Amino acid sequence: MYVSEGQGFLNVGNEKYSIKKDDIIILNNYEVHTFTTRKNNYFKLIAIHFLPELIFKPGNIELDFEYLKLFYYRSTNFSHKIPNKKIDNIDIPSFFKELYLL
């Protein structure tokens, strides 16, 4: 997900993240999560949802699964949020906006 406007909070399990414009959020399909805001705040998200079968199907080359490891096997320092300051060199906002307009 891409936070296209505003600010708020993401809750995943016991973790709470402050989110704001241009942050990226990574969740897998079985993680229960909620979004909240403070009074008088708002945010908008652009979400990309894809089925793992688009990348890895039974019988395919094991190498395909490498692309999904991020979603299933995480290190102890994994964060669901990629702050906007870490993606300055990549035009992620334009990428999400272009997909949204398709």
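Asp22 is partly exposed, at 21% relative accessibility. Its side chain meets that of Lys21 in a salt bridge, 3.4 Å from N to O. Lys21 is partly exposed too, with a relative accessible area of 38%. The model is predicted. Across the whole structure, a search finds three salt bridges.

**Salt bridges across the sequence**

- Lys81 and Asp23 form a salt bridge, 3.9 Å from N to O.
- Lys81 lies in strand S6 and Asp23 in the loop between S2 and strand S3 (24-25), so this pair ties together parts that are 58 residues apart in sequence.
- Both Lys81 and Asp23 are buried.
- Glu5 pairs with Lys44 in a salt bridge, with the closest N and O atoms 3.7 Å apart.
- Glu5 is in strand S1 and Lys44 in strand S5 (residues 43-46), so the bridge links parts 39 residues apart in sequence.
- Glu5 is partly exposed, at 30% relative accessible area, and Lys44 is partly exposed at 45%.

**Around Lys81**

- Strand S6 covers residues 81-82 and holds Lys81.
- The side chain of Lys81 reaches the backbone oxygen of Ser18 at 2.6 Å.
- Leaving out residues up to four places away in sequence, Lys81 touches Tyr17, Ser18, Ile19, Asp23 and Ile24.

**Nonpolar cores**

- The largest nonpolar core has nine residues, among them Met1, Leu10, Tyr17, Ile19 and Phe43.
- Strands S1 (2-12) and S2 (15-20) each supply at least two residues of this core.
- S1 gives the most, with three residues.
- A second, separate core has seven residues, including Ile24, Ile26, Phe78 and Ile92.
- Beyond its neighbours within four places in sequence, Tyr17 contacts residues including Phe9, Leu10, Phe78 and Lys81.

Definitions and conventions:
Residues are numbered from 1 along each chain as its sequence is written. This is a predicted model: local features need pLDDT of at least 70, side-chain atom pairs count only at pLDDT 80 or more; totals for chains, interfaces and linings use all residues. Side-chain values use heavy atoms; hydrogens and water are left out. A nonpolar core is a set of buried Ala, Val, Leu, Ile, Met, Phe, Trp, Tyr and Cys residues joined through side-chain atoms within 4.5 Å. Buried means under 20% relative accessible area, exposed over 50%, partly exposed in between (1.4 Å probe, protein chains only). Helices (H or I, at least four residues) and strands (E, at least two) are DSSP runs, numbered from the N terminus. Contact means heavy atoms within 4.5 Å. A polar contact is a pair of N or O atoms within 3.5 Å; within protein, one must be able to donate a hydrogen and the other to accept it, and residues adjacent in sequence count only if both atoms are side-chain atoms. A salt bridge is a side-chain nitrogen of Lys or Arg within 4 Å of a carboxyl oxygen of Asp or Glu.
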